[in-house]
Amino acid sequence: MRHDRLLELIWQGDIQPASGPGAGRLQRGLSALLPLRTVYLSAASGVDRRCIKTDDVELLPELPLGDVLAEELSIDVPAGSFVVISDGALLDNLALEDELSYDLGVLVAEALLGVIRAGVFPCERETDALFAMAQSYHAMIDGSGFVHLGLKPSWFRVGLAAGLCTYWAGARTALSDTSGLFLRPDFLSCPKLHDYLRNLDSNFTAPNRVSAGLMLFTGGTCSYGAWLSKVEKAVTAELDAHLIRTCGNGRSQELRA
């Protein structure tokens with residue numbers, strides 16, 4: 001959503017604090033996946049299902065979203081918050097478990113792309129970092145806690161794929177992607193995707209053995225900046241370990257030869 005359009009919707013009163021039967025389920029699911037201070041909003045129009053913004057995004061020069069929400073809607077928006085905007089129709093009804101799981105996968109993908117766009121990792125490591133983070137969530141969603149929340153792993157993974165394809169395949173939306181690489185829940189293990197990413201980025205090494213715990217952090221809810229720092233530290237350590245394993249395997253093969 002364009003920033004000027006979002007500002008217009010707020011001024012028109014088409015965006016309000018989230019409510020309805022679906023709001024609680026969305027909040028419980030996303031807070032389990034992303035330990036971030038989050039503000040949830042409902043849009044009467046202008047939103048395709050759901051989207052994420054950060055509170056400091058400027059809707060106009062020197063006019064951040066958080067200040068607009070505080071002024072126009074009297075919402076307390078702590079510094080470093082995520083702002084999730086949902087189509088109000090999705091919140092008025094209890095979403096089916098597969099639909100909610102899909103949407104959460106898309107939102108997590110958006111959050112991971114936000115990490116890349118924030119410049120947390122050097123350019124030569126961005127594809128590996130995004131792949132490793134996605135692998136962690138791909139594994140994490142099988143945890144019993146997420147199953148008890150009613151999330152469907154296969155649908156979450158399809159949503160994750162749909163969100164990532166807009167970046168990796170250069171598609172405006174998942175509907176416009178023609179690569180065929182992001183249609184399956186197990187897309188991250190597909191050799192064709194690995195080949196595609198290697199052609200896209202010669203630095204890509206297809207990190208393997210990434211655990212579900214990579215993107216699970218202690219300390220409870222935190223600001224976006226603090227979360228980015230945790231992500232940078234954990235993922236960098238994982239990529240360094242992957243590099244050591246890869247070099248070690250290569251060295252072992254040389255010795256055996």
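Are phenylalanine 131 and tryptophan 168 buried or exposed?

Author: Happy to! Both phenylalanine 131 and tryptophan 168 are buried, where buried means under 20% relative accessible area, exposed means over 50% and partly exposed is in between, with a 1.4 Å probe and protein chains only. Please keep in mind that this is a predicted model, in which local features need pLDDT of at least 70 and side-chain atom pairs count only at pLDDT 80 or more, while totals for chains, interfaces and linings use all residues. Residues are numbered from 1 along each chain as its sequence is written, and side-chain values use heavy atoms, with hydrogens and water left out.

Let's stay with your two rings. Rings of Phe, Tyr and Trp (for Trp, the six-membered ring) pair if their centres lie within 6.5 Å, and planes under 30 degrees apart count as stacked, over 60 as edge-to-face and the rest as tilted. Phenylalanine 131 and tryptophan 168 have ring centres 6.5 Å apart and planes at 40°, so this pair is tilted. The pair joins distant parts of the chain, with phenylalanine 131 in helix 6 and tryptophan 168 in helix 8, 37 residues apart. Helices (H or I, at least four residues) and strands (E, at least two) are DSSP runs, numbered from the N terminus. The two rings also belong to one aromatic cluster, together with Phe182, Phe187 and Phe204. The model has 6 aromatic pairs by this rule.

Glycine 180 is worth a glance too, in the loop between helix 8 and helix 9. Glycine 180 is partly exposed, with a relative accessible area of 45%. From glycine 180 to leucine 193 the distance is 9.5 Å, C-alpha to C-alpha, for 13 residues in sequence.

Now for the nonpolar packing. A nonpolar core is a set of buried Ala, Val, Leu, Ile, Met, Phe, Trp, Tyr and Cys residues joined through side-chain atoms within 4.5 Å. The largest such core has 60 residues, and the members that touch the most others are Met133, Tyr137, Met215 and Trp227. Among the elements that give two or more residues to this core are helix 6 (126-140), helix 8 (153-168), helix 9 (191-200) and helix 10 (224-256). Helix 5 gives the most, with 10 residues. For tryptophan 227, contact (heavy atoms within 4.5 Å) beyond its neighbours within four places in sequence takes in Leu34, Pro35, Leu36, Ala111, Val115, Tyr137, Met215, Phe217 and Cys222. Another core, of 20 residues, lies apart from the largest one and includes Val57, Leu59, Val68 and Ile75.

Side chains of opposite charge can pair when their charged atoms come close. A salt bridge is a side-chain nitrogen of Lys or Arg within 4 Å of a carboxyl oxygen of Asp or Glu, and the count comes to 10. Aspartate 103 in helix 5 pairs with arginine 49, which sits in the loop between strand 2 (38-43) and strand 3 (50-54), 54 residues away; their N to O distance is 2.8 Å. Aspartate 103 is buried at 4% relative accessibility, whereas arginine 49 is partly exposed at 30%. Arg49, Arg50 and Asp103 are linked in a network of salt bridges. Glutamate 97 meets lysine 152 at 3.7 Å, N to O. Lysine 152 is in the loop between helix 7 (144-148) and helix 8, and glutamate 97 is in helix 5, so their bridge ties together parts 55 residues apart in sequence. A local example is glutamate 8 with arginine 5, at 3.4 Å, N to O; these two are 3 residues apart in helix 1 (residues 3-12), about one helical turn.

Finally, the whole chain. Its secondary structure comes to 10 helices and 6 strands, and 47% of its 257 residues count as buried. Of the contacts with a separation of 6 or more, 76% are between residues 24 or more positions apart. The C-alpha atoms fill a box of roughly 70 × 40 × 35 Å along the principal axes.
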